[in-house]
Amino acid sequence: MKKILILTASFGDGHNAAARSLRDAIELLDEDARAEILDLFADSYGVFNNFARKTYLNVVQYAPKLWGGIYSLLENPLVGQQLGGFTRLQNTLEKVLAETQPDCVVSTFPAYAHVIRKIYQSHHERPFRFLTVVTDSISVSSAWYRAPSDYFCVANEATAAVLQKGGVPEKQIQTLGFPVSPAFASPPAELLPPVGNEPHRVLYIINTGKKKAGKSVDRLLELDNVQLTITVGRDPELRNKLIERTRHHASRVRILGWTNQMPELMMSHHLIICKASGATVQEAIAARCPMIINQVIPGQDEGSAELIWRSGLGAIGEKNREVAELVQGCFARRAEQWFEWRKNLRKFSRPDAALRIAELILDESSHDKAGRQAIKLFEAAPPRVMRPAAPANGNGNQPQMLLCDFHIHSNYSDGKLSVPEIIDFYGEHGFDCLCITDHLADPKRLIGKLSELSNFTLNREQVAEYFAVIGQERERAWRRYKMLVMTGIEFNKDGYTRKTSAHLLGIDLHSPIDASLDIPEIIARIHAQGGLAVASHPHIMKSEWGKNTLYLWENQEKFAPLLDAWEIANRNNIFNDVGLKRLPFIANSDFHKPKHIYSWKTLIYAAKDSESIKDCIRRNEHVAITLYRDFARASSGQVRHGFDAPAAAVRYFQERLPLHAANS
């Protein structure tokens, strides 16, 4: 099995986007390969890293010229010499390399190459192949190539020329494109051109200049036949303002908050308006969608903007009036300009770049492997336990103890992590089964309307996307961690008092259910899909802030015959009354942020498939609860990575398996 480390950092979206795309591509090409993404700046510097990252984002947004000056300092050789001087980062990376013994290391952030050079400066040879994926275009800081790498992967010929001029041998430069999501390599049906009666579909990505966004939208809606899709990220205030501002154009405007479907959006629109961020520009090129750039931040954005303008892939207009005029010109004269941009994009587009780079990485992972001798940095490095390949039919239907969490929130509602991040987080902790259950509010209730407008619950327009994204991640979770993932919803029926409020979990759903239905009807719809209906935090919570939801408990004579189970424990709360009533139970974390994983969980002794698990819960047999902890990891100071995920589960059951409640 090939082991690949992908090193990234959260200073800008491009580094992490490239890392995720490469991991997904590697696992699509080779199911036996293991690719792990690590942000060692976060592991090494903790709170200080968070502060530095937020400072970077604020400087980029509010003082772009200042950032341009800071970026130019990286060209100073004296500054560049200090890039390998991250002592904590070096110590952390040394430990990770010793523990994992990777076949190949890939960096999407320039500092890692300098640190690796320092680690191995006294050795004759690195015990792994090393690739640098350059996420900048044209205006490339020399920090990317002043430290050695076996290969440098770049997005285009212009960037390759910059590296060659900087002294990198041509044979070490691979011009394979920017690693965008593999989803771009499988486009939907060909987009109809914007001529005749076909609407002009414009995607407006608002990630900067938010104060002027309203005026920009007004000018765009003055244009005939423009249909506008606007994404505002996790900014409910801006979203609500734009909804109000465009209410008279509701048939022509779609306003989205945070979305996980950017590839699909880009490939289904004729034109994109956004700032010149590297990752977004490269995604637009992969989608063959012309761009109008409305802001250029000095530094790394300048190269992306130059690429668009110099290559005839779009235009630059940083004023609202200019942007509207460029959009109008794009579609004028039977979209003559649009067709020209589109033709040029076909020459530059490399939607399969992540797959091509993944092929190189996999090939390098086998490079001269027999002749290489691993250099152990620490003699006491523990052996890694790798997950064996599963039989074609799962685990052969043999019962086993399964660690489960059926109440998890992503950033589709009020959680901190995205769905892919949740999959990796739980997978690396060795869980066997989980259900993602984002909030969906009753739109007929005032509190439900306010919750949706505040982005505390799923937007009804994104429910289909939510199901699709979890479906995609379900396959990856099984392929990568042999972990079952179910789609669920927490139906919010919030009243003005705790006795008129209820939260209901729908577990293992296959299609959306209308949250405005009455609770008995929702339960019936859940059961019609073969799912579980579970009362969420049904009793008084003493350890968590928030309103109690007691309606189901106060009316248990009505609902006990209908429900499959009740939460006997939720995060750090345990509801003794559920046990005293001898009601069927499960325990969950009500996960919103990483620290919530250390909470009550469900243990089920069953075959590792969803039907067997649900059957145990319905019959309330072979179900137990435990207070999940990870003492060994916390005390050892190890950096968490996924190479030893299965061992984590084994250790958990061997070392900390006193069950606090059980039925058999």
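**Positive phi in the chain**

A: Of the 664 residues in the chain, 58% are buried. The model is a predicted one. Its secondary structure amounts to 24 helices and 23 strands. When contacts between residues at least 6 apart in sequence are considered, 70% of them join residues at least 24 apart. The chain presents an accessible surface of about 28100 Å², and carbon and sulfur atoms account for 52% of that area.

R288 is not a glycine, yet its phi is positive, at about 60 degrees. The residue lies in the loop that runs between α11 (278-287) and β11 (291-293). R288 counts as partly exposed because its relative accessibility is 28%, a value between the cut-offs of 20% for buried and 50% for exposed.

The second case is R582, likewise a residue other than glycine, with a positive phi near 55 degrees. R582 is placed in the loop between α21 (576-580) and β20 (585-588). Its relative accessibility is 74%, so R582 counts as exposed; the cut-off for that class is over 50%.

Conventions
Residues numbered from 1 in each chain as written. Predicted model: local features only at pLDDT ≥ 70, side-chain atom pairs only at ≥ 80, totals over all residues. Heavy atoms only, no water. Helix = DSSP H or I, 4+ residues; strand = E, 2+ residues; numbered from the N terminus. Buried < 20%, exposed > 50% of the residue type's maximum accessible area, 1.4 Å probe, protein only. Contact = heavy atoms within 4.5 Å. Areas by Shrake-Rupley, 256 points an atom, 1.4 Å probe, with all protein chains shown as cover.
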